[in-house]
Amino acid sequence: MSTTPVRRLTVAQALVRFLSVQYTERDGVRHRLIAGTWGIFGHGNVAGLGQALLEAGEDAMPFHQGRNEQAMVHAAVGYARQLNRLSTQAVTTSIGPGATNLVTGAALATINRLPVLLLPGDYFATRTADPLLQQLEHPVEADLSVNDTLRPVSRYFDRVTRPEALIPSALNAVRVLTDPVETGAVTLALPQDVQAEAYDWPEEFFAERVWHVRRPAPDPYELAEAVKAIRAAERPLIVAGGGIHHSQAEDALKALADATGIPVASTQAGKGSLRYDHPADLGGIGHTGTAVSNDLARSADLIIGVGTRYTDFTTASNTLFQNPAVRFLNVNITAFDAHKLAARTLVCDARAGLRALTEALSGHRVNSAYETEYRVGKDRWEQVVDAAFTAADDSAVPTQTQLLGALDSVVGDDDVIINAAGSLPGDLHKLWRARSPRQYHLEYGYSCMGYEIPAGIGVQQAAPDTPVWSLVGDGTYLMMPTEIVTAVQEGLPVNLVLIQNHGYASIGGLSESVGGERFGTPYRYRAADGTFTGEPLPVDLAANAASLGMDVLRAKTVGELRTALATARASDRPTCVYVETDPTPTAPPAEAWWDVPVAETATRESAVRAREEYDRQVVDRRRHL
């Protein structure tokens, strides 16, 4: 007979107990891995995880009540990003639509390399009740459930069909969540009968575990080759990606830029890696980048990518890096990303790699003429920002960029600005003056409409004393306003800036540029010809936000807007600042191309002209081999 101490618990109780004693550690600082669990209960989890969370209590596992399953994932992702991936939250749902609602959030988490634990209910493992309410019956795959939709968007997936199977599955789940290379969405599908089944668990399963988050150092050979490449380059340019923030490598990047004079351009995820007023910070790069960044990118002979995935917005669909002699050096903890663009690689932690480069490059600095060139370009771009941010007078109806200027005048260095979709990401990437590493929170890996409000809740939970701003247009707001109720319930003073522009303004502009004539993008009544070109719809989104419990401030002018933003920042309640903006374009145009294929043959003149422009641009696309 075994003498190993055991504890008799249900599978759900055991899982909650296990998760409550998992920790991460990096640089000697410990964090609780699963800081809380979001949940919406139904017949797939109410008697399992619901009962287990109730029994565990708030001290062991804090519980957060959600209104939409996708939104709960977004909140957990916002929380994890704010805490540099060292802590996250779990999300539990019922079977059926509750589970499939997780798919979009899971894709967002995995694409952005951010950890979140998903615990959807599943069908009876014993199949004693079959088919269940909400069960998908497949004629030739009896073990298939709707949760299998989560497989391609999860970094780890398991269906726990026996109690004892939870032990290796839970350990593997935590292994992936805490791995800086492998992390993303992790799914443990939990059949509802198994959740409630009791088992004698070894006490060792509930021992406190600390998972060290490693910082792998660069390989000496790769480091020597990288140093050689940098010393040989005449026009090097660093592309700072989100990996710098995840590694907390901002100071290491600053030290390298200070020592070498190499300029830094940033992706959407990497913006804020240097403070905006650092002499080497050139702002965003790519389709939504600054003129100075993109001018240097076209002539650079060495691109040093640090923690970036090189999406099409960053590379301008592979049309940006035009120097015939350009080569790439990628510093990335993930070999998959490090090898992109046929680059020399430095596969290591971003902070460790940047520190090693700074030390090995001692005494090296770029040519003073190159420094002068990019600093002049930077100063010129700051004038563009000033012009976009400034209104003629305070009585004017603000444009979108003037709204950003008003916000810029109100926020503090540590405020967090959250956005994901619409025309705002482009304006923010070009114009926002990021003052601290976590201020600029753009989800642009998946660019998911509806992310901003729940992510604001997650960020506010992670940083309770930090002013948080969720910036949304009317299209995004209508996708997912539900978690306003959660913010009100929890007393989280998230600030919502709600911009009314009567439709999908960003895609409307894109549609016009590719010959689509803004088809299907305005929020308007149908005209006599059946098109959506009538009067704007008489919706009142400010009233809607108020009905969900927010304080609402309406602003019609630049002056009123600035006052409303300041009032919202000082409030201790969830507050919405509502403004209808002047649609007159005041943002600088795109400084680099983005490949959105245009109809190769068409009868409408707009599409014919757009295809001609497409054919002119696409010839600059190249493969870097």
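Let's start at Asp 349, which touches Arg 215, Pro 216, Ser 247 and Ile 333 once residues up to four places away in sequence are set aside. Keep in mind as you look around that this is a predicted model. Asp 349 sits in the loop between strand S17 (344-347) and helix H14 (350-360). Is Asp 349 buried or exposed? With a relative accessible area of 4%, Asp 349 is buried, because anything under 20% counts as such.

Now for the sheets. One of them is an open sheet of 6 strands, with parallel pairing and the order S5-S4-S6-S7-S9-S8. Strand S5 (63-65) and strand S8 (156-159) are at the edges; each has a single partner strand, so one side of each has no neighbour in the sheet. On average, neighbouring strands here are turned by 20° against each other, direction ignored. To see one of the pairings, look at S4 and strand S6 (residues 88-93), which pair in the parallel sense over 4 bridges. Here Trp 38 stands opposite Val 91 in S6.

Helices lie against this sheet. Helix H5 (residues 102-111) packs on it, touching S6, strand S7 (116-122) and strand S9 (185-191), and its direction makes about 155° with that of S7. Helix H6 (residues 166-177) lies across S4, S7, S8 and S9, running at about 160° to S9.

Follow the chain out of S4 and you come to Ile 40, in the loop between strand S4 (34-39) and helix H2 (46-60). Leaving aside neighbours within four places in sequence, Ile 40 is in contact with a list of residues including Gly 66, Arg 67, Asn 68, Met 72, Thr 92 and Ser 94. Arg 7 is another matter: Ile 40 and Arg 7 are 33 residues apart in sequence and 28 Å apart in space, C-alpha to C-alpha.

There is another open sheet to look at, with 6 strands in the order S19-S18-S20-S21-S23-S22 and parallel pairing. What stands at the edges of this sheet? S19 and strand S22 (551-555) do, each with a single partner strand, so one side of each is left without a neighbour in the sheet. Neighbouring strands are turned by 20° against each other on average, direction ignored.

Strand S18 (residues 416-419) is worth a stop, as both of its faces are covered. Val 416 and Ile 418 on one side, and Ile 417 and Asn 419 on the other, are all buried. S18 pairs with strand S20 (residues 468-473) in the parallel sense over 3 bridges, and there Ile 417 stands opposite Trp 469. S18 also runs parallel to strand S19 (residues 440-442), joined by 3 bridges; in S19, Leu 442 is the bridge partner of Asn 419. To get from S18 to S19, the chain passes through helix H17 (residues 424-431), in a β-α-β crossover that is right-handed.

Over at S22, 5 bridges join this strand to strand S23 (residues 575-580), and the two run parallel. Asp 551 has Thr 575 in S23 as its bridge partner. Helix H18 (residues 452-462) packs on the sheet, touching S18, S19, S20 and strand S21 (495-500), and its direction makes about 175° with that of S20.

Most residues other than glycine have a negative phi, and most peptide bonds are trans. Against that background, the peptide bond from Asp 130 to Pro 131 is cis, with omega near 5°, and Pro 131 is found in the loop between S7 and S8. Gln 248 has a positive phi, near 55°; this residue is in the loop between helix H9 (242-246) and helix H10 (250-260) and is partly exposed, at 34% relative accessible area. Leu 341 also has a positive phi, near 60°. Leu 341 lies in the loop between helix H13 (335-338) and S17, and at 17% relative accessibility Leu 341 counts as buried.

Terms used: Residues are numbered from 1 along each chain as its sequence is written. This is a predicted model: local features need pLDDT of at least 70, side-chain atom pairs count only at pLDDT 80 or more; totals for chains, interfaces and linings use all residues. Side-chain values use heavy atoms; hydrogens and water are left out. Buried means under 20% relative accessible area, exposed over 50%, partly exposed in between (1.4 Å probe, protein chains only). Two strands pair if DSSP finds at least two bridges between them. A crossover is right-handed if, with the strands pointing away from the viewer, the path from the first strand over the helix to the second runs clockwise. Axes are lines fitted to C-alpha atoms, for helices over the stretch in contact, and angles run from 0 to 180 degrees between N-to-C directions. Contact means heavy atoms within 4.5 Å.
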